[in-house]
Structure formats: structure tokens, C-alpha cells
Amino acid sequence: MITLTVNGEARRLDTPARTHLADALRDGCGLTGTHIGCEQGVCGACTVLVDGKPARSCLLYAHEAAGKTVTTIEGLDDDAVAEALRAAFSRHHALQCGYCTPGMMVTARDIVLRLGAVDEERIREELAGNLCRCTGYRGIVRAIAEVAANRPVLPAAAPRREAPAVAAPVLATVAPAVELPNRIEHQEALAVPLEAAWAILSDPARIAACLPGAALTRHEGAVLEGTFTASLGPISASFAGVGEWAVGDHAGSVRGRGRDGANAAEGQVEFHLTPAPEGALLNVVLSWRLTGPLAQFSRPALLRGLVAGLAGQFARNLERAARGEAPAKRLSLWALIRAWIFGR
Amino acid sequence: MKPVAFDYAPAETLAGALAALAAPGAKPLSGGQSLAPTMNLRLVRPATLVDVKPLPGLRDALETPTGLRLGAAITHAEIEDGAVPDVTCGFLAHVARGIAYRAVRNRGTIGGSLCHADPAADWPSCMAALNATMIVAGQGGERRIPAREWMRAPFVTALAAGEILLAVEIPRLPPGSRWGYAKINRKVGEFAKALGVALPGVLLAGAIEGPPALLGSLDDLPPGLDAQHRQLAAVAVTRAAAMRDAA
């Protein structure tokens, strides 16, 4: 049980810890003016005032708001600035479907009160966290600018300095796009003879044994089934899936699909071995498509570090396997990524 | 999406918070502006959230002759608004204003951002450039960790399991120091594709897929970066240096 003040009224809510404030307001208080869009802090539709300051009510669990004062769009009915903004929004056609409007109004009121008479450029910057898919923002920006212009001019902060758009040296070109949107090419030098490496790389079971986080559960002809677990800090995903295995002359590929809850992945690993003076060179091309929450969250750049780290560890395990030794204990991600980025 | 069920434990004392964090599946919560999205997406599934922001001292900002000790639960907006003393000739306030959106800055904390350790975040790079020091507490007492040894990998820091970041000590920049900051992103408030920091005698590239890198010159950009990210990092660092030198 928590107690908080909502629109001037004391509320007691019996809600589990996992309920965010937006759900508590809508379902627990019946205040459906607060709209829920993305639930990850990007769209701004759920913006309310917590102790007078705008906050994402989807990124605040209701229990964190215990003892605090919350104001929703319903609580701004008699607010003078909100009233002026409502009239200006209407005049400037600053809404169409209205879904973003409660969050827009809360943010607009904060802009007007906190910044006073500001120019359109600053208004656009301040509105970057509230998405509108109807208006193209012009009406919204004009409405806010009109109300702001009638406010007293606050002592202005020093103008924000901008980094100059100077030319940087051009370092390299960009790789072309491929069928699967994400692609990493990677090379690993193997300190074992070509044929010894190929003895392992031609056998999916021995490949899986060298790859940290991978387990092969079935291998019949070209069909593979298995699991793969990867983690990045507190985030961990465990994919189970099926794939097709193809093998060529010192080359092979796996194309597969897997799922972890709502996350789905489709990917392809192609590799070929080439002779090198001190053993063999393993050339790997990994391409993938990721859908679901993990894809919404992650950036390919972060996965790139993970993949490069895993490839290095795979190569060392393969060398040990070729010498008849057991795979090494799993290295920390820190060691993997540092070794990869800084080459040491 | 909604997060999995978890227990919420607001901390009252440091000893209580450390005890709560020793339980399996316990995770510290500060402003929650990065943690809550990953929880709502069920990418992170804690058993218990230990809310550390009510802890005594975490909201203190203490100016000393050598610098500023900023409590971990000071928000980005408080730094943006000058509600804490300025020892960096306006650098921290400038950086704070470019973090996400105002509604996020009102809740998000400097300590939470440092502990989340997203390579694209502003504070891990800025604290490394400023040569700041993290003050952390664990069952064995307090210890100090240089900011330049803080981020070890994306989302991985030098903080040991069960430890809490209490404050960050920021050395004072000499009066009149010139600085430059360049953040490359597709839209105001989005994740940075590259960060460049230029302070007196310091050049740093951030948001480079891993820990930020101190550079002697542009030629020092880590060689493992792919072509696109190397180019963006070069642009960010070049702009930051030009901004510093034009100031």
C-alpha cells in the first residue's frame, strides 16, 4: 500500500512493485488522460508532473512516487498557463489524433514556465522528447512560441556554445548493405595447421564445443538444433533455434533462426580457412537480423564488440582442441572487448 | 511491455542497502531512466530493486578547494540548472543539457548513469576526461576508483557485486579553462553515435562500443573500431578540439 497526492487529492493505492506510475494513474486512479505509448521513455506521451517537474510516468514505478505530489493533464484544468496553451494549440492546429497531446501540454507548460520567452529553435530542442506523428510539429511549436512570447523574459542563460562543423579527416569508406541488415567480417589467426583446424571446423559438434555459450542438441544431416546464450552486463538472452549446415572445400556455413521469448533472430555464419605462414587464417562473415525488444534496445555497435570477443575466444579454444586440450575457462567480457578494441 | 514481478526495497541506511544488495537477484535503482526501459522490455529481470536514491548523502554536492564531490543521486537537470557548484567553467552544465530529454533529466542521476555504463552515455566519458574519482561503498568499507578505470566493457564497470556508488569527486578546472564537447546523434536526446571531449591537455573519444579512449592525437583512435565508427569518432573529437581552441 502506498500513499501519494494526485491532482491535489490524497490517494492510497494497493499496487504491486512492478506497476509503473502511468498504469497506476490510469488503472488505479481512473485518470486515463495520461497516455501510454512506448513504455521505454522515448515517446513522451505519458509525461506527468512529479513534485512539479515533468517526468516519464512509464519510467517511474508507482512505489517510487510514494509520498510525492503527482499532477496529470486532468490536474491542469484550472492552470492559467495550461489554459493559454490549450487555446493556442486549438488556434494553431497543434493536434490531430490527440494521443501525444497530454504529454505535449505538460512539456509545453514546463518550457513556458522554466524558459520564458524563447525562440523556436530552443522550443524544438526541448520538444525532442515528445513525438507527434500527425502535425509535423509546426503547429505545436507555434502555439508554444505564442504563449511563451507573452511571458515575462526570464534572465537568459549564456547562449549554448556549439561545436563547429569543421571537416574531420576522412578515415575509411563504408561497407555496402547486404540482405541481412547487420554484418560483421572478422579474421582470426589460428596457430594450428590448416588440416587440424579443418578437422574441427568440418564438425558442428566440435564447433559448438569451442564456442562459448553454444550447445548443439541435435545434428542430423544438414539440420542443426541448439541453443546460444549471450550476455552484456545485466542483459542476457538465451536463444533456442534450428539451422541448416552446409560444408564446402575448407569452408562452411550455418543459416538459422532462433527465439528467446519475444526476441527473434535470423542469422548466417559463413567461414573459410586459408593457409597462413604460421598455421591458418579463419575468415568469418556473420550477418543477422534481430526483432523484438532486444532489437529495440540494442545498437549493432555493441554487438560488434561482443562478436569480435567471442570469435577470439573461439579461435583460442579451437587451437586447444586441435592440440587435444580442454576448452579454457570463459574469459570475462571485459578482457575480450579490451583485447579486441585495443589490440592487446 | 511490463516488467517481471519484483520486490521494491527503498534504502534507509547504507548498511541496510548493502545487506539488501547481497541477496540473489538484487539490483540497485537510482533514477531508473535507463534501468526501467530495459526492465519494461524484460531484458533485465531483477528479483529485488534496492532504491538507493533516498540514502543519506547521495543528494549532497560539496565544494572543496580542489573540486566538487557530487552525490550519486544528483540529477542531470540539477547539474544543467546550476543547482550544484560549478568547478568546470560551465562544462558539466553544458553536457547535462544535452542528455536525453528534460523529463528524463529530472529523474536520471549522475551515479545511475555511471553505473549503467552505456558506452553512448555522456558521464562515463566526461568523468574519464576530467580524471574524476568514484567513491564506492561495500561490505568492507569505502574505496576509490579512478574514472579512467571505471568502464570495463559496455554495461560493465569496476563496481563489484553488492557495492554502491556514493559520489564522484571532480577535480576543479583552473579558472578560465577552455573546453569543447561534441556529441553526434541523429536527433536531440538520442543515443550518441560518437562523443568527443576536449579539455586543457586532454582529448577523449567516447561512445566507441566500449570504454572511452584518451587520445594523444586523432591517430590514436582504437584500431579495432569499424570504419563508420572510426569516422564518426574522428568527427566528434575534431569538433570538440576546434570548439575548445576557439573558445
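1. Helices here are DSSP runs of H or I with at least four residues, and strands are DSSP runs of E with at least two, both numbered from the N terminus. By that convention, B:A36 is found in helix α2 of chain B, residues 35-40. This is a predicted model, in which local features need pLDDT of at least 70 and side-chain atom pairs count only at pLDDT 80 or more, while totals for chains, interfaces and linings use all residues. Residues are numbered from 1 along each chain as its sequence is written, and chains are lettered from A and ligands numbered from 1 in the order in which they are written.

2. Is B:A36 buried or exposed? Because B:A36 has 25 C-beta neighbours inside 10 Å, it counts as buried (20 or more other C-beta atoms within 10 Å, with C-beta atoms placed from the backbone).

3. The contact between the chains takes 58 residues from chain A and 62 residues from chain B, where two residues are in contact if their C-beta atoms, placed from the backbone, lie within 7 Å. Several elements of chain A each supply at least two residues of the side touching chain B, among them β4 (53-56) and α9 (300-322), and α10(A) gives the most, with 6 residues.

4. The largest nonpolar core has 166 residues, of which A:I144, B:V50, B:L114, B:A236 and B:A240 touch the most other members; such a core is a set of buried Ala, Val, Leu, Ile, Met, Phe, Trp, Tyr and Cys residues joined through C-beta atoms within 7 Å. Helix α8 of chain B, residues 227-246, gives the most to this core, with 10 residues.

Notes. A residue is buried if 20 or more other C-beta atoms lie within 10 Å of its own, exposed if 12 or fewer, and partly exposed in between; C-beta atoms are placed from the backbone.
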